[in-house]
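Dear colleague,

I am passing on the structure we spoke of, and below it you will find notes on what came out of going through it. Please read them alongside the sequence and the model.

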Amino acid sequence: MTGQVPEAHFKILMKHLLRYICTLSWALCLPALCYATHNRAGEIHIRQVGPLTIEATIITWTKSSSQNADRDTLSINWGDGSPMQAVARNNGNGKGVDLPNDIRYNTYVARHTYAGPAAYRISMSDPNRIAGIVNVNPPSSDNVAFHIETIYSFQDQQFGGPNTTPYLKQPPIDNACVGKVFRHNPNAFDIDKDSLSYRLITPLQSEGLPVPNYFLPSQILPGPGNSLSMDERTGDIVWNAPRLAGDYNLAFVIISWRNGAPIDTTIRDMQIFVDECKNNPPRVQTIQKICVTAGSVVSFTATATDPDSSDRVRLTALGGPFDTSLVNPAVFTV
């Protein structure tokens with residue numbers, strides 16, 4: 001990680017950023033330049049489908065209004081010396097799925113068979129990130145490439161069993177408010193029952209190459225009221241608290257452990273929208289931890305209240321227990 005941004009240096013950065021935004025607003029009139037505002041977040045998921053065959057899913061969240069930069073195909077590097085493979089987008093009838101806040105969700109699925117069991121670095125690189133990211137190469141984040149990768153290893157089929165990387169159930173696009181505590185968890189679920197650990201890293205622009213001029217979100221206007229951490233056991237990200245509105249990027253690695261040894265790593269690159277918010281987040285009340293015997297029914301209530309008004313709060317639930325591939329998945333009734 002790089003050091004903190006001194007306040008004087010930060011003011012210079014913001015001055016250039018404002019100048020850049022003015023230039024960008026003019027440049028958006030030129031179609032050719034729309035190419036350079038695209039990638040927001042993503043990761044690569046690996047599922048074993050044969051003794052030496054995997055199914056890779058490249059998952060990206062992009063800027064839906066950047067039509068000239070939209071990708072109907074991406075190239076995947078299988079990490080075994082074979083040529084990179086062009087992979088077609090397969091969701092939304094090949095067009096992706098548009099979400100609120102100028103976000104497009106995309107998936108690209110392909111299969112590959114390896115010559116032998118080993119550890120392989122499976123990756124995807126694509127230009128460019130979106131413009132205006134506060135903590136990535138300001139004021140020119142759109143000139144920085146977007147790179148995600150997963151290191152996958154085959155296990156002994158007789159003794160180790162199959163290996164599938166964890167599913168990340170929580171989308172990597174989230175919202176925060178200036179001056180208010182931000183909490184996020186990737187909601188990782190490993191169908192192989194492997195243990196998981198988490199660690200913050202610097203986002204990448206290519207294999208082994210971090211993005212330039214990166215600062216942790218908490219290093220923007222640093223001070224005693226601005227800290228960020230990730231719990232290595234639970235994956236909880238706590239930013240207490242943002243001090244400047246804008247778009248931020250954060251990257252972390254999820255490590256899968258089996259029998260005390262690491263077997264694969266997944267990098268997720270995520271984006272946080274920080275805004276000036278007048279309202280407070282709802283307060284959720286439910287159980288924190290529970291111990292249950294297999295075969296027993298678990299039933300509990302979750303309630304939420306809005307501290308600012310009597311407005312209704314919509315509750316939703318995500319996570320491994322709701323996975324439809326399970327024998328008896330959980331059900332959340334609103």
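What does the accessible surface of the chain come to, and how much of it belongs to carbon and sulfur atoms? In this model, which is predicted, the accessible surface of the chain comes to about 17,600 Å², and 53% of that area belongs to carbon and sulfur atoms.

As for the fold, the chain holds 21 strands and one helix, and 43% of its 334 residues count as buried. When contacts between residues at least 6 apart in sequence are considered, 66% of them join residues at least 24 apart.

The chain has one disulfide, which joins Cys177 to Cys277 with an S to S distance of 2.2 Å. The two partners come from distant parts of the chain, 100 residues apart: Cys177 is in strand β10 (residues 173–177), whereas Cys277 is in the loop between β19 (261–275) and β20 (283–285). The torsion about the S-S bond of this pair is about -85 degrees, and therefore the disulfide is left-handed.

The two partners also fall into separate classes of accessibility. Cys177 has a relative accessibility of 17%, which is under the 20% cut-off, so Cys177 counts as buried; Cys277, at 23%, lies between the cut-offs of 20% and 50% and therefore counts as partly exposed. A further cysteine, Cys291, has a relative accessible area of 80%, and because this is over 50%, Cys291 is exposed.

Methods
Residues are numbered from 1 along each chain as its sequence is written. This is a predicted model: local features need pLDDT of at least 70, side-chain atom pairs count only at pLDDT 80 or more; totals for chains, interfaces and linings use all residues. Side-chain values use heavy atoms; hydrogens and water are left out. Helices (H or I, at least four residues) and strands (E, at least two) are DSSP runs, numbered from the N terminus. Buried means under 20% relative accessible area, exposed over 50%, partly exposed in between (1.4 Å probe, protein chains only). Contact means heavy atoms within 4.5 Å. Accessible areas come from the Shrake-Rupley method with a 1.4 Å probe; for residues, only the protein chains shown count as cover. A disulfide is a pair of cysteine sulfur atoms within 2.5 Å.
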